[in-house]
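Please look over the structure shown here before reading the briefing that follows. The notes are grouped by topic, so that each part can be checked against the view.

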Amino acid sequence: MSPGLEGVVVAETVLSHVDGAAGRLVLRGHELDQLAGWSFEAVLALLWRDLAPENLDEARLRMRLGAAREVAFDRMKAALPALEGLSEVEALRLLLSLLPDAEAESHRLVAVAATPVFAAAIARRGRGLEPVAPDASLGLAADFLRMLHGSEQPADKVAALETYLVTVADHGLNASTFAARVIASTQAGLFSSVIGGLCALKGPLHGGAPGPVLDMLDSIGGEDNIRPWLVAALDRGERLMGFGHRIYRVRDPRADALKRAVAGLKDTGGRIAFAEKVEAEALALLAERKPQKPLQTNVEFYTALVLEAVGFPRRSFTNVFACGRMAGWTAHVLEQDKVARLIRPQSRYVGPAPV
Ligand code: COA
C-alpha cells in the first residue's frame, strides 16, 4: 500500500515528463527552456494535438479562444452577485460550475477561455471594480492583463505572464491533474473534471505557496536584515518559502524559466534585485545547514515575483495558476477519454469484523 501513491504508475501520457533527478520538464518532446518563448496558444495547440477531434493551429486557437472569452463574459455577468463572501478561488469554482457539461467540441475552448475572464473579473471585484469585457483580437495573456487592469499593458508584462502560463501549463500527474483524470474516467464530463482539478489546486500543499514568498520578502524588509532574518527563521526550524521540492532534486527548470521572465521586467522599487539577494543568501544558508539535501529555488519563488510585477494581488495567485494549468487539465481529460477505463483502485479494510 502507498498512501501518497509515490512511485505508483497509473497512466501513460504523451503530454509531459517531469525528470526530478536531471531537473528537466519535457512537454510533448520539447524542453521547457525551448517553450518559454512560445505563446500560450501555441503550447495549447501542442498539448491538444491529435487528442482533440479537430487540430487547431496557434492562429485559429487564438481566434476561437477570443470568441469564447466573449461568450464566457456574457454568461458570467448575472452570476457576479452570488460571489459575495467567497475567496477568489471559491468564486472561480462557482463560476466554472455554471458552465453546462452538455456542450460538445467547444467545451475545451470555453474552459480555457473562461478561466482568465472569470479570474480577472473576480480580482477586480476584490477592489470594488466592475469587470472589463474581453478584446477577442488579443492573445489570451495580453487580454487577461487588459481585463485585470482595464487597459492594454506593456509588452514586457504580457511576455512575463505568457511565460508564466506556459511554464505551469502541465506537470506530469500532479494532484490536480490526477483528480481531473479520475473524474474524466467516470465520463462525468469536461467541466466537472476540470472543476475537480481546481478543487485540488486550491489546497495549500498544491497551488498556494507564492503568496507566502512575498510575505517573507515583506517581513525581511531591507538588505541589512536578509541574513539575520533567514538565520533566525532556520534557527526556529522554519522552512524558507520558495526553496526545496519533492521531485526536483537538482534545479526546478520552471524557476529558471521564470527567472529569465523576471529579468525582462522593469525593476520597480528594486523589488526584483532585493529578491535576488534574498535568494542568493537563502541558497548559501541552506547549503550550509543541509549539506546532505540539495535545496534549490523552486517555481514558487519566481512565480511570486512575476505575478506581483504584472499586477496580480496575492489573493489571485491560485486562480492565475489555474488559467495556465487549464491547458494541461483539458489535455489530460482528452487523453483519459481515449483510455476509456474507469480509475478505481482498492482499499484495504482495517475496520472491525462483523459480529
Ligand atoms: N527551508 C528549509 N529547510 C528545508 C526546506 C526549506 N524550504 N525544504 C526542505 N527543508 C529541509 C527539511 O526541513 C528537512 O530537513 P531535515 O532532514 O533536517 O528534517 C530536509 O530539508 C528534507 O525535507 P523534506 O521534508 O524531505 O522535503 P520534501 O521533499 O518533503 O519537501 C517541500 C518539499 C516543497 C514541501 C519543502 O521543500 C518545503 O516545505 N518548501 C517550502 C515551501 C515551498 O516553497 N513550497 C512550494 C513547492 S513548489
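Predicted model: local features only at pLDDT ≥ 70, side-chain atom pairs only at ≥ 80, totals over all residues.

A cavity is a set of grid points where a 1.4 Å probe fits but cannot get out, and a residue counts as lining it when the residue has an atom within 4 Å of a point. With that in mind, the second largest cavity is lined by Tyr 164, Val 168, Val 299, Glu 300, Thr 303 and Phe 321.

**Enclosed cavities**

- When the whole structure is searched for cavities of 30 Å³ or more, two are found.
- The second largest cavity holds about 30 Å³ of space, and by class its lining consists of four nonpolar residues, one polar residue and one charged residue.
- Helix 14, which covers residues 299-309, is the element that gives the most to the lining of the second largest cavity, with three residues.
- Both domain 1 (14-204 + 314-339) and domain 2 (211-309) supply at least three residues each to the lining of the second largest cavity.
- The largest cavity has a volume of about 50 Å³, and the residues that line it include Gly 244, His 245, Tyr 248, Arg 249 and Asp 252, together with Pro 294, Leu 295 and Gln 296.
- In the lining of the largest cavity, four residues are nonpolar, four are polar and two are charged.

**The largest nonpolar core**

- The largest nonpolar core has 114 residues, and those that touch the most other members are Trp 48, Phe 118, Leu 161, Tyr 164, Leu 165, Leu 240 and Phe 312.
- Helix 5 (residues 107-126) makes the greatest contribution to this core, giving 13 residues.
- This core lies between domain 1 (14-204 + 314-339) and domain 2 (211-309), because both of these domains give residues to it.
- Tyr 164, one of the residues that touch the most other core members, is also found in the lining of the second largest cavity.
- Once neighbours within four places in sequence are set aside, Leu 165 is in contact with Phe 40, Leu 140, Ala 141, Val 320, Cys 323 and Gly 324.

**A buried threonine**

- Thr 163 belongs to helix 7, which spans residues 155-167, and Thr 163 counts as buried because its relative accessibility of 9% is under the 20% limit.
- Leaving out residues up to four places away in sequence, Thr 163 touches Ala 36, Ala 257, Leu 258 and Ala 261.

**An open pocket**

- The second largest pocket contains about 200 Å³ of space, and among the residues lining it are Met 1, Ser 2, Leu 5, Val 8, Val 10 and Phe 178, as well as Ile 343, Arg 344 and Pro 345.
- The lining of the second largest pocket is made up of seven nonpolar, three polar and two charged residues.

**Residues with positive phi**

- Arg 28 is not a glycine, although its phi is positive at about 45°, and Arg 28 sits in the loop between strand 2 (24-27) and strand 3 (30-31).
- Is Arg 28 buried or exposed? With a relative accessibility of 16%, which is under the 20% limit, Arg 28 counts as buried.
- Ala 340, another residue other than glycine, has a positive phi near 50°, and Ala 340 lies in the segment after helix 15 (317-339).
- Ala 340 is exposed, because its relative accessible area of 58% is over the 50% limit.

Technical notes: Residues numbered from 1 in each chain as written. Heavy atoms only, no water. Core = buried A, V, L, I, M, F, W, Y, C linked by side-chain atoms within 4.5 Å. Buried < 20%, exposed > 50% of the residue type's maximum accessible area, 1.4 Å probe, protein only. Helix = DSSP H or I, 4+ residues; strand = E, 2+ residues; numbered from the N terminus. Domains from an automatic or database assignment. Contact = heavy atoms within 4.5 Å. 1 Å grid on protein atoms, 1.4 Å probe; cavity = no way out; pocket = protein on both sides within 12 Å on 5 of 7 lines; lining within 4 Å. Points joined across faces, edges and corners; volume = space filled by probe spheres on them. Nonpolar A, V, L, I, M, F, W, Y, C, P; charged D, E, K, R; others polar.
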